[in-house]
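Thanks, I'll keep this short.

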Amino acid sequence: MGGAVSAGEDNDELIDNLKEAQYIRTELVEQAFRAIDRADYYLEEFKDNAYKDLAWKHGNIHLSAPCIYSEVMEALDLQPGLSFLNLGSGTGYLSSMVGLILGPFGVNHGVELHSDVIEYAKQKLDFFIKTSDSFDKFEFCEPSFVTGNCLEISPDCTQYDRVYCGAGVQKEHEDYMKNLLKVGGILVMPLEEKLTKITRTGPSAWETKKILAVSFAPLIQPNHADSGKSRLVHLPPVAVRSLQDLARIAIRGTIKKLIHEETMSKNGNGLKNPPRFKRRRVRRRRMETIVFLDKEVFASRISNPSDDNNNSEDLEDERREEEEPKPSELKPDPPVNFLREKVLSLPLPDPLKYYLLYYREK
């Protein structure tokens, strides 16, 4: 689960709270979290809980707490063009955020045990591509998912720059996980009740860092009772982009550059982010225990001794902020999708315009 930060009223406020509590620390990770609304990965009847810092599980569908995903994204140190493997890819929420950073020339693969969850992930991925207002701000590395047990990956599979495992890894499987990494790669996984970051610094050299106390459901062991044989998982091939795809990426990139230059000439210093309303100060909560319930994840941090000394100051800050006049309740107009407008204005046949826009509905 989580509960390390206050609940938000929407996705942006959830991200504001994660930033305040220092779970989100870099701009790239913040942009990815803001681009994908966490509520879109919930079933409709459970969306009221989407912006709480809590894990969610329904049947085989599972989402870790936002504070966990924040720490994972920061620890992976993602960069454009890298290859990523998500073991226990679930709803695809994390894989999609990673894909926004990897860009069009990255590799984004996921392995998931349950076929119904993979179908759910594909539906959510399609919904994001077709309808998200933020999709056109990025060049996306679309994730590919395969069904299987992540402990049965074919030994001849390629190695990856970044690997994440979303289930508790037993000590006996640590070397198996390490061998999925390229030299220089980073592996993040729950190991011995700690979210652990392992960097491969050489063919047989590793650096290990414990990040966060957590409790994850353990990896499900392969079951060979039926056939007695291992069912090897074959990961998707690392495909080369088609000429058509490369042309689309290049054209969209050129249009984005033109839009940026036009904005620079109009504003002098580029497009500024609209001012955000001041929000109540968020303090990281002291968490003394770890609780485990099925596949829910409950995180524990070592609190800062100075937190208690600052309680009175925080209360005073909150009192002053409550006394300040509140901003207008009017919501700002939705942002304009300049890329879409520019593409639609081009003297091109409609089918080509729609291709450049990924046949998006908005």
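Two rings of Phe, Tyr or Trp, the six-membered ring in the case of Trp, are taken as a pair if their centres lie within 6.5 Å. This is a predicted model, and by that rule it has 9 aromatic pairs.

I'll start with Phe128 and Phe140. Their rings are edge-to-face, 5.6 Å centre to centre, with 70° between the planes. Phe128 belongs to helix 5, residues 115-131, while Phe140 is in the loop between helix 5 and strand 5, so named for residues 144-147. The two are 12 residues apart, and the pair links distant parts of the chain. Phe128 is buried, at 5% relative accessible area, and Phe140 is buried with a value of 5%.

Phe140 also pairs with Phe135, again edge-to-face, at 5.9 Å between centres and 75° between planes. Phe135 and Phe140 are both buried.

What lies over the face of Tyr358? That is Arg248, 3.7 Å from the ring centre. The charged end of Arg248 also sits over the ring of Tyr355, at 4.1 Å from its centre.

Now the helix packing. Helix 3, residues 66-76, packs against helix 4, residues 93-102, at about 35°, and their axes are 11 Å apart. The crossing is right-handed. From helix 3, Tyr69, Val72 and Met73 meet Tyr93, Leu94, Met97, Val98 and Ile101 of helix 4. The residues of this contact are 8 nonpolar, with no polar and no charged ones.

Methods
Residues are numbered from 1 along each chain as its sequence is written. This is a predicted model: local features need pLDDT of at least 70, side-chain atom pairs count only at pLDDT 80 or more; totals for chains, interfaces and linings use all residues. Side-chain values use heavy atoms; hydrogens and water are left out. Axes are lines fitted to C-alpha atoms, for helices over the stretch in contact, and angles run from 0 to 180 degrees between N-to-C directions. Helices (H or I, at least four residues) and strands (E, at least two) are DSSP runs, numbered from the N terminus. A crossing is left-handed if the near helix is turned anticlockwise from the far one by less than a right angle, and right-handed if clockwise. Contact means heavy atoms within 4.5 Å. Ala, Val, Leu, Ile, Met, Phe, Trp, Tyr, Cys and Pro count as nonpolar, Asp, Glu, Lys and Arg as charged, and the others, Gly among them, as polar. Rings of Phe, Tyr and Trp (its six-membered ring) pair if their centres lie within 6.5 Å; planes under 30 degrees apart count as stacked, over 60 as edge-to-face and the rest as tilted. Buried means under 20% relative accessible area, exposed over 50%, partly exposed in between (1.4 Å probe, protein chains only). A charge sits over a ring if NZ of Lys or CZ of Arg is within 6 Å of the ring centre and within 35 degrees of the ring normal.
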